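Trainee: I would like to go through this model term by term and ask what each label rests on. Can we start once it is on the screen?

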Amino acid sequence: MGLTIPIIILAVVLGLLMVQRRRRRAAGGPRAQGDGPAPPDVPTFRVVALGLQGSGKTLLLMSMYRRLYTPAERGYYIRVPDDQLIELNQWYRQVADTGADWPSGTTRQEMREFEFSVMARIDENAVPVLRIGYLEYPGELLTDRDRAGSTAQADLRTAITGAHALIGIIDGLRLLQAHRHDSRGTVILQANLDAMIHSMFEAHAPITFVITKWDLLDELDPDENTRLRMVHDLLMDVDGFRDLVRQHSGRRVIRLIPVTAVGHDFAVFDGEQVRKKPNGRFHPRNVDLPLSAVIPDVLQQLDLSLDQATRTAVVAEAQRRVRMGPAEAIRSLGMFVATQAGQTVLAAVGAGWLTAGIPLFVDSYAPPPAYDTARRLAALSEADRFAEEFIQTRRRVVQHLQSQVGLLEARLPASRMGEQDR
């Protein structure tokens, strides 16, 4: 009798993980000065951001990077390739200069892809523990006819379907105009939402709606959560937005995050345009949260897709892994994937995310180690010690990201859309 499917899966998983481990060992030979051992496979989370021209996509990208490019109190930071770093810094200089014009927005033909590596230090070496691929499309691709021979709209639909997370950018200026009963602003807001909602209905990823230019909405109410609740109610009056939230918030994570890429004392809307104050103070707020929420939301949505028995099995596996060395953890994970619970998780994360995604998902449930970590690490080989420290470091990064989301929800309860909206 042929091998059963669980045994085949076990063999494949063990094979992939052992190849990964051998590669790490092979990387333990001579290295260039300053290089560290090769890390385990690093999962990449694919994010697709949508927003109409002028909605603040460029400023959001720039401010997200500026907020997260140093470790600060987090112990981790993000890095981008050099060419992207140059572009982001150019945007920053143009935005922060009160005497300069705003940066030009994306055009209909312009698509931008940024690679954010989440870096942390292990043995004095900075290594990527997670990656976020940030793909930004102009929302006009969803409102206008595609050019003859162009595949841009088809590419966008494919990207949305395959994304781990979606970001929909809502122009705060249009929300302010709608609040003031300005018909032109209301029409543009509706067009913006229509451009995003149609495609989001077909996707399965968590969604973060980012309200840009939040500083322009200060007049609504002194309390930030009250302002956010007022914007929430305004959006829920829009048919498509309301339908998306009501149909999907039970099984998908949907957020509403207000951000100001320049701060609350830098720009003013004079009734015709948003202009910089001559002596404005550049102080962005909340700009790190859309990117920080990506990984916790993907993990939480995976959790929502599991039944209680599978979730219990995942927690038990996570508790076992914190007491194991790297080699034993690899074998344990392989055995777990061969179980019914493991196959359920594999179906949820997808085979393409096998060697990196399943360990990350399981480890997100891990409790703090309850043993003498230093003595245990000292007994391991260099390669195994690095692998163990990598796993522990990545756990701490994920836990910090999850704590940031928790603080957001505590400070702005209206930011999480769910049971109360259905």
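This is a predicted model: local features need pLDDT of at least 70, side-chain atom pairs count only at pLDDT 80 or more; totals for chains, interfaces and linings use all residues.

Trainee: Which residues of α8 are buried, and what does the word require?

Mentor: Helix α8 covers residues 239-248, and its buried residues are Gly240, Phe241, Arg242, Leu244, Val245 and His248. Buried means under 20% relative accessible area, exposed means over 50%, and partly exposed is in between (1.4 Å probe, protein chains only).

Trainee: What makes α5 and α7 a perpendicular pair rather than a parallel one?

Mentor: Helix α5 (residues 172-179) and helix α7 (residues 224-236) pack at about 80°, with 11 Å between their axes. Under 35 degrees counts as roughly parallel, over 145 as roughly antiparallel, 65 to 115 as roughly perpendicular, and the rest as oblique. The two helices are therefore roughly perpendicular to each other. From α5, the contact (heavy atoms within 4.5 Å) takes in Leu175, Ala178 and His179, and from α7 it takes in Met230, Val231, Leu234 and Leu235.

Trainee: How many residues of each class are in the contact of α5 with α7?

Mentor: There are 6 nonpolar residues, 1 polar and no charged ones. Nonpolar here means Ala, Val, Leu, Ile, Met, Phe, Trp, Tyr, Cys and Pro, charged means Asp, Glu, Lys and Arg, and the others, Gly among them, are polar.

Trainee: Why is α11 described as antiparallel to α12?

Mentor: Helix α11 (residues 308-321) and helix α12 (residues 326-337) have axes 10 Å apart and an angle of about 170°. That angle puts α11 roughly antiparallel to α12. The residues of α11 that take part are Ala313, Val314, Glu317, Arg320 and Arg321, which meet Ala329, Ser332, Leu333 and Phe336 of α12. This contact has 5 nonpolar, 1 polar and 3 charged residues.

Trainee: How do you know that Asp171 and Arg174 form a salt bridge?

Mentor: A salt bridge needs a side-chain nitrogen of Lys or Arg within 4 Å of a carboxyl oxygen of Asp or Glu. For Asp171 and Arg174 the closest N and O atoms are 3.9 Å apart, and the pair passes. Both Asp171 and Arg174 are buried. The rule gives 17 salt bridges.

Trainee: What parts of the chain does the pair of Arg255 and Glu409 link?

Mentor: The closest N and O atoms of this salt bridge are 2.7 Å apart. Arg255 is in strand β7 (residues 254-258) and Glu409 in helix α16 (residues 382-411), 154 residues apart, and the pair links distant parts of the chain. Arg255 has 0% relative accessibility and is therefore buried, while Glu409, at 26%, is partly exposed. Another salt bridge joins Arg275 to Asp270 at 3.4 Å. Arg275 has 38% relative accessibility and counts as partly exposed, as does Asp270 at 40%. Shared partners put Arg255, Asp297, Glu409 and Arg416 into one network of salt bridges.

Trainee: Why does Thr98 count as neither buried nor exposed?

Mentor: Its relative accessibility is 29%, which makes Thr98 partly exposed. Thr98 is placed in the loop between α3 (82-96) and β3 (112-122). Its C-alpha is 5.8 Å from that of Lys276, although 178 residues separate them in sequence. Leaving out residues up to four places away in sequence, Thr98 touches Phe266, Lys276, Lys277, Pro278 and Gly280.

Trainee: Is Asn286 buried or exposed, and what about His181?

Mentor: Asn286 has a relative accessible area of 8% and is therefore buried, whereas His181, with 72%, is exposed. Asn286 has a positive phi of about 70° although it is not a glycine, and His181, also not a glycine, has a positive phi of about 65°. Asn286 belongs to the loop between β9 (274-281) and α9 (289-292), and His181 to the loop between α5 and α6.

Key
Residues are numbered from 1 along each chain as its sequence is written. Side-chain values use heavy atoms; hydrogens and water are left out. Axes are lines fitted to C-alpha atoms, for helices over the stretch in contact, and angles run from 0 to 180 degrees between N-to-C directions. Helices (H or I, at least four residues) and strands (E, at least two) are DSSP runs, numbered from the N terminus.
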